[in-house]
Amino acid sequence: MDIIKIENLVKNFPVGKGFFTALNDVNLNFGKGEFAGFVGPSGSGKTTLLNIIGSLDTPSEGRAIVMDKSVSELTHKQSAKLRNEHIGFIFQTYNLLPVYNVYENVEFSLLLQKMSGSERKKAVMQALEWVGLTDKIKSKPNMLSGGECQRVAIARSMVKKPQIVLADEPTANLDSKNSHHILQTMKKLNEELNVTFLFATHDEKVMKYLNRIVTLEDGKVLSDKQNNLKL
Ligand SMILES: Nc1ncnc2c1ncn2[C@@H]1O[C@H](COP(=O)(O)OP(=O)(O)OP(=O)(O)O)[C@@H](O)[C@H]1O
Ligand SMILES: [Mg+2]
């Protein structure tokens, strides 16, 4: 069964008196447990598509159906519930809360869920272990390197063990060793918990891990290929 279905999707952004078509008739399905990615030139529509799948934005035409729900038909409250319970985000720009430390930034995603304090602590520490940051739990984002901020964002997206993780350039600020470590961690979560991962990336290192690569160009799907793992 497909966890994500994208049907005749068009996204127009208003620009001046007209509009710009960022996605132009996209049709794609993703099964549960896929480890897939969008590639393509800057401006081809990768982030726009992830935002719509994550119900952070709505289609102009067509539909995005995520876990059997059409994102444009959800109320504000319903789309917040879908995101809080089932979707983890890693944004191109981290979006960490500057006044909170590393531990609190990761814990934040769990505060809306019913969980005891001790369960929450265990989950936060495990997520920080995945990304190798247990020694920085008291640091605030301005005390961290770009790569460390990216690892906090990754821990935050995975701490609630969501059904879907949407990762926009998750390795853009990581060195090769950390990139491989993070990708192996994600792949493990993908295999053990059947979490569906969708990436947007320019990084060859990420592409090597993907089972499927969808290439976008000017808002259209140029190709959609299974990828033989070359690790
Ligand atoms: N809010 C907006 N208003 C107007 N145009 C937008 C808006 N958001 C995105 N666009 C345009 O839509 C196109 C697709 O943008 P998008 O961010 O999805 O590209 P991308 O493939 O993620 O690129 P990159 O690899 O640089 O991250 C771009 O040309 C961008 O300028
Ligand atoms: Mg982008």
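Contact here means heavy atoms within 4.5 Å. The views below are taken from a predicted model.

**View 1**
N190 has its place in helix α6, which spans residues 176–193. Residues up to four places away in sequence being left out, N190 touches G33, E34, F35, V195 and F197. N190 counts as buried because its relative accessibility is 4%, and the cut-off for buried is under 20% relative accessible area.

**View 2. The shell of residues around ligand 1.**
There are 14 residues around ligand 1, and those that come nearest are S42, K46, T47, T48 and H202. Sorted by class, this shell has five nonpolar residues, eight polar ones and one charged one. At least two residues of the shell are supplied by each of β1 (2–15), β2 (18–31) and α1 (46–53). Helix α1 gives the largest share, three residues.

**View 3. Polar atoms facing the oxygen atoms of ligand 1.**
For T48, a polar side-chain atom lies 2.6 Å from an oxygen atom of ligand 1. For G43, a polar backbone atom is 2.8 Å from an oxygen atom of the ligand. For S44, the distance from a polar backbone atom to an oxygen atom of ligand 1 is 3.2 Å. Ligand 1 on its own has 640 Å² of accessible area, and the protein covers 65% of that area.

**View 4. Helix α1 and its buried residues.**
Helix α1 is mostly covered, with six of its eight residues buried. The buried residues are K46, T48, L49, L50, I52 and I53. In an α-helix there are 3.6 residues a turn, so residues three or four places apart point the same way. Just after α1, S55 takes a positive phi of about 55°.

**View 5. Contacts of L49.**
L49 lies in helix α1. Its relative accessible area is 0%, so L49 is buried. When neighbours within four places in sequence are left aside, L49 is in contact with I6, L9, L23, V26, L28, F38 and L216. A distance for orientation can be given to Q163: the C-alpha atoms of L49 and Q163 are separated by 18 Å, and the two residues are 114 residues apart along the chain.

**View 6. The β1–β2 hairpin.**
Strands β1 and β2 run antiparallel and are joined by 11 bridges. The two strands form a hairpin with two residues between them. At one end of the pairing, which residue of β2 stands opposite V15? The residue opposite V15 is G18. In the turn, G16 has a positive phi of about 55°.

**View 7. The open sheet of four strands.**
The strand order in this open sheet is β2-β1-β4-β5, and the pairing is antiparallel. Strands β2 and β5 (69–70) stand at the edges with a single partner strand each, so one side of each is left without a neighbour in the sheet. Strands of a sheet pair through backbone hydrogen bonds, either parallel or antiparallel. Strand β4 (residues 61–66) runs antiparallel to β1, and five bridges join the two.

**View 8. Strand β9 and the strands paired with it.**
Strand β9 (residues 212–217) is largely enclosed by the rest of the structure, because five of its six residues are buried. Strand β3 (residues 35–39) pairs with β9 in the parallel sense over four bridges. V39 has T215 in β9 as its bridge partner. With strand β10 (residues 220–226), β9 pairs in the antiparallel sense over six bridges. The bridge partner of R212 in β10 is Q226.

**View 9. The turn between β9 and β10.**
Strands β9 and β10 form a hairpin that has two residues between them. D218 in this turn has a positive phi of about 45°.

Terms used. Residues are numbered from 1 along each chain as its sequence is written. Chains are lettered from A and ligands numbered from 1 in the order in which they are written. This is a predicted model: local features need pLDDT of at least 70, side-chain atom pairs count only at pLDDT 80 or more; totals for chains, interfaces and linings use all residues. Side-chain values use heavy atoms; hydrogens and water are left out. A residue is near a molecule or strand if one of its heavy atoms lies within 4 Å of it. A polar contact is a pair of N or O atoms within 3.5 Å; within protein, one must be able to donate a hydrogen and the other to accept it, and residues adjacent in sequence count only if both atoms are side-chain atoms. Accessible areas come from the Shrake-Rupley method with a 1.4 Å probe; for residues, only the protein chains shown count as cover. Ala, Val, Leu, Ile, Met, Phe, Trp, Tyr, Cys and Pro count as nonpolar, Asp, Glu, Lys and Arg as charged, and the others, Gly among them, as polar. Buried means under 20% relative accessible area, exposed over 50%, partly exposed in between (1.4 Å probe, protein chains only). Two strands pair if DSSP finds at least two bridges between them.
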